Amino acid sequence: MGCGFQRAFSLLLKGEFIEAFFMYPAIYTLIPLFSTILLSFFVKFKYSQKLINFLAITSISIIVISFLIKKLY
């Protein structure tokens with residue numbers, strides 16, 4: 001389920017945003033999730049835990065759904 005993150009990240013760095021999405025759709029929620037987690041170690045803000053929870057649930061949902069779609073089609 002996690003395969004494709006590095007390739008999608010590489011595509012993002014090259015500016016190929018649509019290709020990155022098709023490679024690994026969760027890339028667009030995982031990067032903000034990792035950034036928020038890292039930032040929350042240094043700066044405490046009011047809704048950090050709620051934001052982390054929302055991004056984590058969204059990322060997991062996207063990963064599972066895209067995995068199932070790729071396996072079914």
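This is a predicted model: local features need pLDDT of at least 70, side-chain atom pairs count only at pLDDT 80 or more; totals for chains, interfaces and linings use all residues.
**Threonine 36 and its contacts**

- Setting aside neighbours within four places in sequence, threonine 36 is in contact with Phe45, Ser48, Leu51, Ile52 and Leu55.

**Helix α3 as a whole**

- Helix α3 covers residues 27–42 and has 16 residues.
- From its first C-alpha to its last, α3 reaches 23 Å, which is close to the 22 Å expected at 1.5 Å a residue.
- Which residues of α3 are buried? They are Ile27, Thr29, Leu30, Leu33, Thr36 and Ser40.
- The cover over these buried residues of α3 includes α1, α2 (17–23) and α4.

**Aromatic rings**

- How many aromatic pairs does the structure hold? There are five.
- One of them joins phenylalanine 5 and phenylalanine 34 in an edge-to-face arrangement, with 6.3 Å centre to centre and 80 degrees between the planes.
- Phenylalanine 5 sits in helix α1 (residues 5–13) and phenylalanine 34 in helix α3, so this pair ties together parts that are 29 residues apart in sequence.
- Phenylalanine 5 is partly exposed, at 24% relative accessibility.
- Phenylalanine 34 is also partly exposed, with a relative accessible area of 45%.
- Both of these residues belong to one aromatic cluster, formed by Phe5, Phe9, Tyr24 and Phe34.

**A nonpolar patch on the surface**

- Leu38, Leu39, Phe41, Phe42, Val43, Phe45, Leu51 and Phe54 form a nonpolar patch on the surface.
- Together, the residues of this patch have about 860 Å² of accessible area.
- Two elements, α3 and α4 (48–72), each give two or more residues to the patch.
- Which element supplies the largest share of the patch? That is α3, with four residues.
- Phenylalanine 42, one of the patch residues, is found in helix α3.
- Over 50% relative accessible area counts as exposed, so phenylalanine 42 is exposed at 68%.
- Phe45 and Leu51 are among the patch residues, and both are also in contact with threonine 36.

**Helix α3 in brief**

- Helix α3 holds buried residues, including Thr36, as well as the exposed phenylalanine 42.

Conventions
Residues are numbered from 1 along each chain as its sequence is written. Side-chain values use heavy atoms; hydrogens and water are left out. Rings of Phe, Tyr and Trp (its six-membered ring) pair if their centres lie within 6.5 Å; planes under 30 degrees apart count as stacked, over 60 as edge-to-face and the rest as tilted. Buried means under 20% relative accessible area, exposed over 50%, partly exposed in between (1.4 Å probe, protein chains only). Patches are made of residues with over 30% relative accessible area and no salt bridge: like charges are joined within 9 Å, nonpolar side chains (Val, Leu, Ile, Met, Phe, Trp, Tyr) within 5 Å. Accessible areas come from the Shrake-Rupley method with a 1.4 Å probe; for residues, only the protein chains shown count as cover. A salt bridge is a side-chain nitrogen of Lys or Arg within 4 Å of a carboxyl oxygen of Asp or Glu. The expected span of a helix is 1.5 Å times one less than its number of residues. Contact means heavy atoms within 4.5 Å.
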